[in-house]
Amino acid sequence: MSELFDQSARVSSPGTDEAHDRLVKWLVGDRLSCVLLLEDSSLAFRLAAQGHEVVVAGDDVRAVRSEEVLYVRSAGPRLPFVADSFDAVVAPQLYDDQTVLAEYARVLRPGGVLSTLSRTHDENLPWVRRLREVVGRRPVAAAPVTDTLGASGLFAAPETTETATWEELDLPALLQYARETGRQPVEESTLSRVRELFDQNTAQSGSLRLRHLLRGVRSRVQKSSPPLGSQQPETLLFDLR
């Protein structure tokens, strides 16, 4: 999930930013929320820009990247927050582990949502099929889990949404895409063949078009509000600022 919106070297087709913003809003719900993002990614910037209160937590947190976001370094499955702290938790993926799901449910407020976001590319485009023959394919993580959430008894049946967008790739962007998605390591000799592929397919346009499919999954936690005064502090929260 970390690089879903980090495409500074690429040019997106008109309407892409609007489509991304609609999808981000869908992940956390229609109202302004306190959101826990369990990965240090650019998704935090989009959430903060929409007016949400954003906390980024994880073992990949190394620095404060925005004054609009609270950063917390954490490790292990136990989240360093009191119960009922967040309206939404956005995870890199939804684990099958019931212990992890229970921890997400613990920090969510009643009615809160757990969500995740993944991206795939249209592999049916002729030039993409040819690229796969040249660079191979890097192993990808499994698709977001949707069947264990309801079975856990902690979350309702999941909802899904998909958004398709197009991106224009010049040569540097194609080489970046090949390095990101090809069988590792992608050697320089392989990148030379990628350059040849680009020249063969861009004589008229000067760029290649890549179709992305962004898929969101969300599920509401099933819990009731605790009695007033019953909540006890569980851990301290440390800010890196």
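These are my notes, in the order I looked things up.

Entry 1. I reminded myself that this is a predicted model.

Entry 2. I started with the largest nonpolar core, which has 24 residues. I looked for the members that touch the most others, and got L36, L38, F81, V89, Y104, L114 and F155.

Entry 3. Which elements give two or more residues to this core? I found strands β2 (34-37), β3 (53-58), β4 (69-73), β5 (86-90) and β6 (108-121), plus helix α3 (98-107). The top contributor is α3, with five residues.

Entry 4. I picked L36 and skipped its neighbours within four places in sequence. That left contacts with V55, A57, L79, F81, F86, A88, V89, V90 and V107.

Entry 5. On to the helices: α6 covers residues 171-181 and α7 covers 188-201. I noted a packing angle of about 135° and axes 10 Å apart. Angles over 145 degrees would count as roughly antiparallel, so I wrote down α6 and α7 as oblique to each other. Their crossing is right-handed.

Entry 6. Which residues make the contact? From α6 I listed L171, L174, L175, A178 and R179. From α7 I listed L191, V194, R195, L197 and F198. Sorting the residues of this contact by type gave me eight nonpolar, two charged and no polar.

How values were computed: Residues numbered from 1 in each chain as written. Predicted model: local features only at pLDDT ≥ 70, side-chain atom pairs only at ≥ 80, totals over all residues. Heavy atoms only, no water. Core = buried A, V, L, I, M, F, W, Y, C linked by side-chain atoms within 4.5 Å. Buried < 20%, exposed > 50% of the residue type's maximum accessible area, 1.4 Å probe, protein only. Helix = DSSP H or I, 4+ residues; strand = E, 2+ residues; numbered from the N terminus. Contact = heavy atoms within 4.5 Å. Axes fitted to C-alpha atoms, helices over the stretch in contact; angles between N-to-C directions. Parallel < 35°, antiparallel > 145°, perpendicular 65-115°, else oblique. Left-handed = near helix turned anticlockwise from the far one by under 90°. Nonpolar A, V, L, I, M, F, W, Y, C, P; charged D, E, K, R; others polar.
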